[in-house]
Every structure is written in structure tokens, then in C-alpha cells.
Amino acid sequence: MENNNVIYGINGPVVTVKNADSFEIMEMVYVGTQKLVGEIIGITDEFTTIQVYEETTGLKPGDPVEGTGAPMNVLLGPGILDNIFDGIERPLKAIEEQSGAFISRGAAVSSLDDTKLWNVTVKVKVGDRLSGGQVYATLPETPIIEHRLMVPPALSGEIVKVMPDGEYKLFDTVAVIRDDENVEHNLTLCQKWPIRTSRPVRDRLSSSVPLITGQRVIDTLFPIAKGGTAAIPGGFGTGKTMTQHQLAKWCDADIIIYVGCGERGNEMSQVLEEFSELIDPKSQRPMTDRTVLIANTSNMPVAAREASIYTGITLGEYYRDMGYHVAMMADSTSRWAEALREISGRLEEMPAEEGFPAYLPSRLAEFYERGGRAEVLSGGEGSVTLIGAVSPQGSDFSEPVTQNTKRFTRCFWALDKSLAYARHYPAINWMDSYSEYFNDLDPWFRENLGDDFIEYRNRISALLQEESSLMEIVKLIGSDVLPDDQKLVIETARVIRVGFLQQNAFHADDTYVPLEKQKLMMKTILHLHEKAKDIVIRNIPLSKIIKLGLFDKLSKMKYDIPNNKPEMFDDYIEEITTKLSTIS
Amino acid sequence: MIIDYVGVKEINGSLIVMDGVKGVSNEEIVDISLDNGTVRQGRMVQIEGEKIVIQVFEGTRRISLKNTRTRLTGHPMEMPLSPEIIGRVLDGAGRPIDGLGDIFPVKKANINGTPINPVSRIYPKNYINTGISTIDTLMTLIRGQKLPIFSGSGMKHNDLAVQIVRQAKISGADSTNFGVVFAAMGVQKDVAEYFKKSFEESGVLSRVVMLLNLSNDPIIERTLTPRCALTIAEYLAFELDMHILVIMTDMTSYAEALREFSSSKGEIPGRKGYPGYLYSDLASLYERAGMIKGHSGSVTQIPILTMPNDDITHPIPDLTGYITEGQIVLDRSLQGQGLYPPVSVLPSLSRLMKDGIGEGYTRGDHQALANQLFASYAKVIDARSLASVIGEEELSPTDKKYIEFGKLFESKFVNQGFSENRSIEQSLDLGWELLSTLPRAELDRVDDELLDRYYKG
């Protein structure tokens, strides 16, 4: 068939074709002689508009545009883990082998390695009836993750042929299914899925289990549920990326999807290096065994940046459907929003706030709605937790991306410039941040850590609140004039801030702290506070207590007490009781 | 067959519109000959069928609807490259202006470059000793990093940049494989001369490539200058294995040129009238710093930008800060107190520092010391704001200590001579000496082992 669809106009990454009627909206197309990947984003009776995912330098009017007949999709199958892709699922390692250190255009590489042999165990037999999402075979993708091959969601029918267990390549058929219309479909090791459509689940479940991160300020004060959504807004230099890295390294999800969306190249190489050296404490295997990286750095094509978070979430949903708990970090969603704005500007759409397109909120909502905990089609339970960094322009949280993200996420970990300037990390401001999951998770905490965990947490939070209002006074008249009981609040809050909220990501023990230790730390601090309060009430000056050095000691207990020696807290509590009883 | 297209259809700012042009490719370079014999260059920025929009680098003055002949060159903007380029002076579009003739190209490269594959990058870890206490100790510059200087009009960013170039000791670099690429965008002639003179005095002039787009040069050419500079830098670093320091001043002028071009093209403006793609555009420059596997060379960038009205939330410093790996912020009040370099410590940052310092690079206590200095200095600021309300006399004894520490820190640590080159040990020891004026219990970022060793209070 002769292809009459040729380029008419070019404006940055946007290409138009005149008088074409065969394209579908959102269809994936190949543009030009180099076959650059693009997507149809607008159709009128005269012009078809395409956004091209690669640099358009050198394209000419008259160059061919070829349709693929399918929407922008990704290939799902074994080989996703321990891999690094660009925004449209092209493997960067394979591209490096093909074109060297600089990325050339139109690189034609398969998303997943189609030559590697996988050790497949077939789980069905002839005559079984399978519906969409059910598992027909499994294979070890990495030493710790079993990859479960599932019937594509829309398909169901009877298995008419199975292959023996053994080694197969990506596109080999391991079973054949006959659907209700008597059509036979080959089931291989992979399937395709359009990135802008969410994969179906049987039922959505409530968020009642926390995602444990080992970061004290998050786990105790602002916890997130498995399947929850969180936003980390912060100006540059406040540690968004560091916080994301810490979460990716330590949270108790089975699979980590890390999307570097319009971020720094050197940072991605750091992630690559650190994750491959880092040993997962649970499995004793490198982190990369359960990690997928999507790197679309800021200088890579802007349209692919827009696609990268959809690619990420689609991969996440795929692993969720296997019954895994997935956590996806997107760094940063502001870059994605800017990509939207940039393309919208090229299309000469009417801008809304700050030049962002009017559909920004609905796109954000669509994205965050794809997170969640669910009963998957195969019957088990899986979840996708979404943690998006937001880089507000000029550190101003009232800008549209932050404000709209706030509407669609239920955790808000606000990073604070002044904390970051004082090198208080994680610089999560305890007054501005919130978590709406706390009530949902309450039963879990009570069951697993006891009622006192919640009580301690509430008291810590109240002390911080009280300190904040006292600080208003201190700012005006200095701390000397405060009565001793208020000075004590300030002193205890200092211990909470320095000794508890502040956490050292580079310290072997402090980088990840189990919940049990977090609870004991709170208990010890509050014990000191209560005992000291009893003394202060008796009009004994606070300075006498401070001289004992207990406050300083507790500020450093995060380093002094190893994670595996919780019994040491008893000694601390006893020491506090004895030392304070000497004061009279 | 070479066709000359006669005349243009429309002239708008630096853009010309032509109709009936066939076979043109996106971003292609065209030669425009005027009746009076001069030739200008332009770049294809938009194509709609046979109607094309060309951006003329030298501006559209003297162009009428009839007096031009335009010829397509068939290729995008390319930069001729050869080892001889070292030591040359070029204009903003990469053409020699030192009277030494054309550069005989060994190869030509597209000035837009191509993105470095993140997989091929080496994570930068080797620090560059600049001999400046604040930078070395608190915001260490790393080989392959992009660390901008955020400054304001009238501040001493140029002196600081010159001092860095003069004192920079890059491990693995010596006089044979070290080079500087200097790109001036919209700066005054005096500034360019100052840099030239300083390079001469420090004996690196023969290893510098200068690209000069001065403030009276065509504005559109300014959008090419950093691209040409970085293309040269990449060539020297990744093909000739040199360590290249790229200094780009002033990025604000560059962004303004981009805004001018964007508005004449009729694009929808983003914040403060800058085009919506300013972030991507700046990223396409800054991200060209780094090191890649298989090559021993490196590209380190020090872009200088003047913050309009000293406002760090202005789009240019704001977007720059989101792309670069930290920033060195200069402060007008420090300069007002006669301190040099007026580095404002708290908002300054080097993101790559944590992996490039410590045992084996600088000294084991470096990270802890830096954290403590930041934390203590932050308290100085709190104490000062309190003092401004209740008076210094009323402060608690600890706060008074902080005020004292703040004065010492600024006058001894931040302040240093323009020609004073402090070794890393000197800077770190000085840091401990100053911290020793504070009570030991206040130093909560350092563990006892280090305190026993270094605290002398």
C-alpha cells in the first residue's frame, strides 16, 4: 500500500500532516525516514497533529509518516527489572551498545531482551478455563522476584495447548488459549499495554496497611499507606531527590519503580551506581533485583518526558497485577507538567494559570488515581504507591502544580528551605505537612505496635505544636523570660527535632530505623519530659536538669543505640529516673 | 542544483517569513545574501508546507522584502572543530575574530549536541580544589559538575570566577590537558577584557577558547554562543581527553535573548514572559556537563548569572537551580561589609559534594565539619534576628557566643584575599578553630570521636 501521509509542518517537537484520514487519536506513529517515534495528539479535517518523542532537527516536509494502528504502548514481560529505560521504554543499555555514549535518534531496539532464555514453569493444563489476569506460567525474573505471566485482561477462554516446562525466549509461545468466539491466541512471555489506560482490577481495597519507610518523620508523624499517594514539594536544594532515594532504598515494597522525569543526568548515574551497590536488607540481594529505572533526563526530548510517568505507572500496574506491592517514585512531576505546558504552547492552546493548560488538574487526577491497593484479577492482593516530587517555581507552594497535586494526593510532605539551610534532613516541615491516612492506619498501628505508639505519636506532635507557638514569643522577646515549664517544652522539642525528626541518611544505623526503635525513642524522650516536668513543677530550676546532660544524651541516642539492641533503651530510661531522683 | 530564493514575504523582529520554499529541513542553516554584498546566516525555526520561518542571527536590519537571496545549506548549524581551536578568540556564533584565519576543521559537529546516555555517565566524584575556603569546605566543586554562581549586578562574580580558574587544581589535570572555554553573552567589552587580562596573568590564556558575544552584538547570535562553547568543550573533553572548565557569563542575557526570539515568533509566554520551554532549553545546555565512560576528559561548568533585582525566585535562577547540581550564591550585604568573596553560605550548596569528599578525597572529618558549620551559622542568623528585636545585650549567653562566632566566621572564614590560595587542610582547620569558640555541647552534628580530636575550646 502506498503511504500518502507526509509531513506538512514542523514546529519544535510538534509535526503536522495535511489531509490524512487514516490515523486514530493517540495512535503511535513513525515519523520521517529515521522512523522517530511519535503520537497523534490532535485531528481536524485538514491537519493531524503529532508530538514527536525525539529531536526533530533535519525532518523535512514530504518525509513519510507511518501509522502503527495501535496507541502508544509498552511491552510487558520478563526483563523489566534490573533495567533502565528512557521515557518510552527503550532500554538505555542497549542504546549505548548501539550508538555509544550519546543517544542518537530513531534507535530501533527492542524494549526487552528477546534473545535471553527464561526458565518457564507452565501452571495450566489443556482444558483449563482462564479469564483475564490469571496466571498461566511463572519464571524467576531475578533471584528474588518471580515473574507471573498473566492472560491479557480482555481475554478469556479455554487452554487448548501447552508447552512443556523449559527455557523460552520472550516471543515464544508457551500456551494457546481459545476464546469464546473460537479464535486461538498464542500466549507468549510478553504482552502489550497502552500506557495511558489503567489496567483493570477486580476490586479496590481500602488503604489500611502502612508502607514502612524507616524514616522516622514519615513513619510516625505522616505515614503513608500501601497504595497511597504522596507529594513531596520543595524548592531546589531542599532534598526532594534525597528523600525519594531514601524511600526507594528502604521502603518495604516488593518492587520499586523510579522515574527520573526531567531530572539531572549525573543524579541518574548516581542512582544507578548506588542501587547496584546497595544490598537489600531483607533478601541480601542488590537493590537492582527489584528496581526499574526510567531515566528521561532534562535534556532528553520533552515529549518523552511527558510519556515517562505513564510508562512508569503502567509497569507498576503490571507488577501489581502479579500480586506485588509496588512503590513508584516520580521525580519530578513538575517537569512532567512543564512538558505538558510546553507541548500545549506549541499547539497554541488557550493557557490557564501560569501558562499551564486547563487540563492540568484532570491529568494529575488521572495519574494519581492509578495508584491504590486492589484485589487483582488473579485473585491476590497488590498495590501501587505513588510518591511524586513537586518542584514549585520559586519555592512558592501556591503555584498550580503544587496546589493541584495537593488536591489529589493524601500525604503532603512539605520540604522547608530554612530546615534545609540548617542542614536538617529530611527537611520535612512538621507544621505544614499532613497525612490523611493516619485514621485509616490507626488499627494497624494499634495491632502491631500497641496503643502506646499512637499515644506517643500524639504527644510528640502536641509538643512540637506547642513549641511552634512558643517560638513566636521567643522570636520577639528571647527565651530567657519564659517560665521554666515552657522552657522545658522548648528543650524537649529540641531533642525531638535533633534527636528524632532529623535523620542521617549516611549513617549506617540511622539511615533506616525499624518502627520498634522509633517507638522506643519516642518513649524515652517523653519519659524524660514527664520526669523533668514533675521536678520543674516543684520550682526547681530547669538549668539544674539540663546540667545532667540527659537532653544531649537523648539527642544522640539515634547513633548510640544500634538498631538491633532495643534493650539498651531500658538502661536509658533507668538512668533518667535515677539521675532525676537525685535532684531535689 | 542550488536555488536562490529571492525576497521575503514578511519581516518580524529577527524573523523572516518566506513562501514557496521546497526541500527544506527543520533547523537547517540558510545563507542570506543582501544586495550590498553582505551575507548573513539564519536558521529554520518553523515549517508549514512551503511557508517557512527563518531566524536571522545577525538581525534583520536593512532587509527589505526584495533585497535578499536565500540559499539552503542542507545541514543544521555546525561548528568546525580541531585541536588548533585552543587559544583562539571567536565571535558568538563560533567564527574566528582574532585575525588568525579560519579554523581548519578536523570534524564538524552539530552545535545542539545530543543528550548523553545516563547509562554512559560516570558519577562525578573527584573534587576540584579551588583554594577558596567557603567553596572547598562547604560547597565543594566536583569534576564534571555544573555549579552556577548566582550573583547580582555590581557584585564580584567575575573576580570569583577568575580566582577559581587561576587556583583550580583538578586531579589528573596538568598544563597539557587542562583547558578553559569562556563564553561571554551580552557582557560589556570591559568584562571580556578583564577576563582576558586575568587569563593572561595567570598564564592560562594559551589554553583558553574565548567566544565573545558582547552587549552590542546581535541578540539572536547570543542564543548560539553557549551551544558553540559546549560543542567545543565536548570535543576537547571527550575526543581529546582534556579537563575543560566552561565559564558562561551571563546566563541572564542569554535567557533574555531567548525571550526576545520567542515573543517575536508569537509563542505563548510562560512565567514573566519567558517561553514555556525555558527549562528544557537551559537543561539542554547545563546537562552537557559531565564525564562519560571510556574517556578520561571532563566538562565542568560554572555558569554565572545575575539575578534580576537580586531575586532568587526569578525564573532564571529558579530554573537554573533545578537543573544544576547546587549553586554558589553571592550576597550584597556581605559585599557591602567589604568581605570577599561575598559567598552567602546558607543558600549555597553542592549536590555532588557528599561523595567527593571525606577519607581518600579530602579528609575524614570534612562532611561532619561542613554540616556543623552550616547548622551553627544558621543559628547565628536566628540569634541576629532576635538581637535586632531585643538588642544584643539581652541575648542569652549562648546566643551571644553565636553572635561572636558569626562575626569570626564571616571575617576569617568567608573573607579571604583575591590572591590567597588556601589548601583544603588550612580551610578545614580554620573551620574547627572557629567552631571551638562555641560550647562543645552546641556541636550536635559531630560525634564525640571527632570532637575529641579537633575541638579545642
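Predicted model: local features only at pLDDT ≥ 70, side-chain atom pairs only at ≥ 80, totals over all residues.

Reader: Which residue of E5(B) is the bridge partner of Gly9(A)?
Author: Look at strand E1 of chain A, residues 7–11, which runs antiparallel to E5(B). The two are joined by 2 bridges, and pairing takes at least two. In E5(B), the partner of Gly9(A) is Glu48(B).

Reader: Which element gives the largest share of the side of chain B that touches chain A?
Author: The contact takes 61 residues from chain A and 62 from chain B. On the side of chain B, the elements that give two or more residues include strand E5 (39–48), helix H7 (278–286) and helix H11 (366–390). By class, that side has 30 nonpolar, 19 polar and 13 charged residues. The largest share, 7 residues, comes from H11(B).

Reader: At what angle do H11(B) and H12(B) cross?
Author: In H11(B), the residues that meet H12(B) include Tyr377(B), Val380(B) and Ala383(B); among their counterparts in H12(B) are Tyr402(B), Ile403(B) and Phe409(B). The contact has 9 nonpolar, 2 polar and 3 charged residues. The crossing is left-handed. The axes come within 8 Å, and the crossing angle is roughly 115 degrees.

Reader: Now for chain A: how is H11(A) placed relative to H12(A), oblique or roughly parallel?
Author: Helix H11 (residues 451–477) and helix H12 (residues 484–501) of chain A have axes 9 Å apart and pack at an angle of about 120 degrees. Roughly perpendicular covers 65 to 115 degrees and roughly antiparallel starts over 145, so the label has to be the remaining one. That makes the placement of H11(A) to H12(A) oblique.

Reader: How many nonpolar residues are in the contact of H11(A) with H12(A)?
Author: This crossing is left-handed. Among the residues that make the contact are Ile460(A), Leu463(A) and Glu467(A) of H11(A), along with Val489(A), Thr492(A) and Ile496(A) of H12(A). By class there are 2 charged, 2 polar and, for the nonpolar ones, 8.

Definitions and conventions
Residues numbered from 1 in each chain as written. Chains lettered and ligands numbered in written order. Axes fitted to C-alpha atoms, helices over the stretch in contact; angles between N-to-C directions. Helix = DSSP H or I, 4+ residues; strand = E, 2+ residues; numbered from the N terminus. Parallel < 35°, antiparallel > 145°, perpendicular 65-115°, else oblique. Left-handed = near helix turned anticlockwise from the far one by under 90°. Contact = placed C-beta atoms within 7 Å. Nonpolar A, V, L, I, M, F, W, Y, C, P; charged D, E, K, R; others polar.
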